[in-house]
Amino acid sequence: MNNARQIKHLYARGGFGIAMGELLQRKNWSVKKAVKKLFAVSEPIVPLNVLTENLDLQSRADLTEDQRRAFQEKRNQQERTLNKAWMQQLSTTTDQLREKMTLFWHNHFACNIGNAYYQQQLNNVQRTHALGNFKTLLLEVSQTPAMLQFLNNQQNVKAHPNENFARELMELFTLGRGHYTEEDIKESARAFTGWAFNGKTGEYGFRTGTHDNRTKTFMGQTADFCGEDIINIILQNKQTAIFISTKLYCYLVNETPNDTHIAQMADLFYSSGYEIKSLLELVFTSDWFYEPQNIGNLIKSPVELLVGLNRQFGIRYDNLDVLLQFQRTLGQVLFKPPNVAGWPGGRNWIDSSSLMYRIKIPSTILNAGVIDFTGKATPDDEAYLASQRKQQFNVINRVQAQPDWNRFLQEIPLQFPHLEIASLLLEPPLNARVTTEVNNAPDIKTLVIQLVSTPEYQLC
């Protein structure tokens, strides 16, 4: 029994890939055993706690212009610190599934407010409940200062209802567009009046004085609803289970939804009371998850690409700022989604410019950006090599990354066929072009760098 292909696929979707040595050790595991292990190692919750000070709670009324600039630099530094801390955790943690799902909820509940302390708090809520109950996750996310601020519920008061939070709650977080009315938005916005946080302490608190306690009619039901009541009614609507299942299917299985599979997911999600772990177990143990059309067909997000590379090759960076630069270049900076809808993902990750960067970055990290010519160099090649040696020095200074080649190469058995190495590194089946490159590679290191520089390596 060799389940290497299934286990590799499981870790590509339920995590950020599996190291060569681990895959070879587990290739004879059953899928059920591998899934159980994936969940078991993700049970611990390791929060990010790199930021201990909420700068926005400081008074800035009497600051000079120079002091204001210094204050803003401290805020920027906190954002960089938080970004690097999560990238580091993603790249080194054993609880891949929890982090992979935290990344999913990070985009589902997209938030960009410029307060890194609140962003860290929101991120830890998403991590804590990433594999738990969706209702609990939804409620706690909705009451974080980050989300209340981002969606303007601080301004949602009885005298002047603000509909932004209520609209996004239904459109992006639960039901999806087309499954509610404008009147539902107006009425539910009234129910969420009073949900706010204390600007001096950052603590959530319900403000009875600003809450509209008159009767509301929401989705056919009438009462003096509060925010929790609205969330309960939304979750009673099975469309919420369908909406979340569809989004997860596109994230974990295939960009093209399969109505039969999604109905199966939604049925279980709804009947379980929105238990996320049960939903994921269904996906990872279903035969259709491992069907050929669902393997190697998703484009890695920039973060998935970088984290997968870090994990596969045990890369250490002297300066983690370079990972932030890569995120900017590739279009996905953690904690900086483009808008409340998050990153669109899928084929939107790739265009001619980003594909060039995506193919170049792995070889830059693994080989300092140098192209290794074999055989006798022509005069033109000599000139090119001379320029590349200079470039290599610059790249080394800029990237300052050390892949653990010794560990990687030691994981590969002696006389292991090159085609087998390629099959384990790439998700899609090997095509004629890749096979030719593999057969012509002079050594394993060259082979590996060529493989991570292919368009096929962009897929998971």
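Which helices are included in what covers the buried residues of H14? In this predicted model, the cover includes helix H1 (4-14), helix H3 (31-40) and helix H5 (96-108). Helix H7 (134-142), helix H12 (239-252) and helix H13 (259-271) are also included in it. Helix H14 itself spans residues 276-285, and its buried residues are Ile276, Leu279, Leu280, Leu282, Val283 and Phe284. An α-helix has 3.6 residues a turn, so residues three or four places apart point the same way. Ile276, Leu279 and Val283 of H14 are among the residues found buried.

Empty space in the model was examined next. Rolling a probe the size of a water molecule over the atoms shows where such space is left. The largest pocket has a volume of about 670 Å³. Its lining is made up of 25 residues. Nearest the centre of this pocket lie Asn107, Tyr251, Trp343, Pro344 and Gly345. The largest contribution comes from H12, which gives five residues. Sorted by class, the lining of the largest pocket comprises 13 nonpolar, seven polar and five charged residues.

Three cavities of 30 Å³ or more occur in the structure. The largest cavity holds about 260 Å³ of space. It is lined by 18 residues, and those closest to its centre are Ala12, Phe16, Gly17, Ile18 and Lys300. Two or more lining residues come from each of H1, helix H15 (302-313) and helix H20 (418-425). With four residues, H15 gives the most to the lining of the largest cavity. By class, this lining divides into nine nonpolar, four polar and five charged residues.

The second largest cavity has a volume of about 50 Å³. Its lining consists of Asn54, Leu55, Asp56, Arg75, Gln78, Gly114, Asn115 and Ala116. These lining residues divide into two nonpolar, four polar and two charged. Leu55 and Ala116 of this lining belong to the nonpolar class, whereas Asp56 and Arg75 belong to the charged class.

Definitions and conventions:
Residues numbered from 1 in each chain as written. Predicted model: local features only at pLDDT ≥ 70, side-chain atom pairs only at ≥ 80, totals over all residues. Heavy atoms only, no water. Buried < 20%, exposed > 50% of the residue type's maximum accessible area, 1.4 Å probe, protein only. Contact = heavy atoms within 4.5 Å. 1 Å grid on protein atoms, 1.4 Å probe; cavity = no way out; pocket = protein on both sides within 12 Å on 5 of 7 lines; lining within 4 Å. Points joined across faces, edges and corners; volume = space filled by probe spheres on them.
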